[in-house]
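Please have a look at the model below before reading on.

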Amino acid sequence: MIEMCRDINELHPKVKELAEALLELCKREGLNIKIGETYRTVERQDYLYEQGRTRPGNIVTNARGSSMSSYHQWRLAFDIYQNIKGAEYDSNILKRVGKLGQSIGLEWGGSWSSFSDTPHFQYTFGLSIKDLNLGKKPPEYISTVEKIDQEYEKAVNTLIEKQIINIKNAWYPQPTVRYTAQLVEKISLELIKLDYDLQIKILNNKGIVIEVEKWKKQEYKEEDIKALIKKVAVYLTKQ
């Protein structure tokens with residue numbers, strides 16, 4: 001297959017994350033940058049290698065697809081372009097993007113002395129093409145977004161165990177906004193239950209408990225308890 005792939009999801013998760021970070025940086029700088037190409041098949045890489053050699057056009061790569069010699073084939077590289085017709089590969093713009101990419105740890109093809117490739121970025125994990133062909137693999141990587149999602153699911157499961165949340169799919173993978181008020185109420189009740197001093201403070205704020213230290217130290221007597229029950233009854237009746 002020689003068709004161009006621009007799908008960022010075809011990249012290694014770490015490289016995808018860096019590509020997204022680069023696009024965000026460009027956006028902040030007022031640069032209209034898009035992903036031009038990501039993963040390449042053997043056929044696609046050989047097709048590009050033939051350009052300027054057995055096919056018309058300028059040479060665009062020195063990497064043969066049949067020898068798996070492009071980082072695109074290993075999902076560790078991507079190309080970009082400026083989304084302005086007629087100025088897609090403006091050298092000044094690509095230099096600016098190149099510096100932005102380097103600032104977040106990407107290797108920029110425009111910094112190469114032997115074959116400058118200004119639209120090209122890669123993140124190789126320190127692995128050479130030879131390493132990759134010998135079977136060495138980039139480390140497994142969980143993106144920041146995936147980590148957040150895993151942490152969120154773990155938190156939801158904890159609240160289910162504590163019986164604060166009853167139905168998981170009401171809160172995961174996306175929370176149901178209309179149930180938030182009930183959630184806050186349940187969380188508050190659980191926190192209060194775990195904190196005796198907080199319970200006393202709330203009763204004091206309601207005018208039910210006056211001698212706070214006595215109740216915190218649990219130095220109350222039978223008459224204090226009777227007074228507490230009476231005040232609570234009066235307070236609840238007024239509600």
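## Charged pairs and a helix contact

Glu10 is partly exposed, with a relative accessible area of 29%. In this predicted model, the side chain of Glu10 forms a salt bridge with that of Arg75, at 2.6 Å from N to O. Glu10 sits in the segment before α1 and Arg75 in the loop between α2 (42–50) and β2 (77–82), so the pair ties together parts 65 residues apart in sequence. Arg75 is likewise partly exposed, at 30% relative accessible area.

| Pair | N to O distance |
|---|---|
| Glu10 and Arg75 | 2.6 Å |
| Asp79 and Arg40 | 3.0 Å |
| Asp224 and Lys214 | 3.3 Å |

Asp79 and Arg40 are both buried, and they belong to a network of salt bridges that also includes Glu37 and Arg44.

Lys14, in helix α1 (residues 13–28), is buried yet has no salt bridge. Leaving aside residues up to four places away in sequence, Lys14 touches Tyr123, Phe125 and Tyr141.

Now to the helices. Helix α6 (residues 180–194) and helix α7 (residues 196–205) pack at about 110 degrees, with axes 5 Å apart, and are therefore roughly perpendicular to each other. Residues of this contact include Leu191 of α6 and Ile202 of α7; by class, the contact has six nonpolar, one polar and one charged residue.

Technical notes
Residues are numbered from 1 along each chain as its sequence is written. This is a predicted model: local features need pLDDT of at least 70, side-chain atom pairs count only at pLDDT 80 or more; totals for chains, interfaces and linings use all residues. Side-chain values use heavy atoms; hydrogens and water are left out. Axes are lines fitted to C-alpha atoms, for helices over the stretch in contact, and angles run from 0 to 180 degrees between N-to-C directions. Helices (H or I, at least four residues) and strands (E, at least two) are DSSP runs, numbered from the N terminus. Angles under 35 degrees count as roughly parallel, over 145 as roughly antiparallel, 65 to 115 as roughly perpendicular and the rest as oblique. Contact means heavy atoms within 4.5 Å. Ala, Val, Leu, Ile, Met, Phe, Trp, Tyr, Cys and Pro count as nonpolar, Asp, Glu, Lys and Arg as charged, and the others, Gly among them, as polar. Buried means under 20% relative accessible area, exposed over 50%, partly exposed in between (1.4 Å probe, protein chains only). Lys and Arg count as positive and Asp and Glu as negative; His and the chain ends are not counted. A salt bridge is a side-chain nitrogen of Lys or Arg within 4 Å of a carboxyl oxygen of Asp or Glu.
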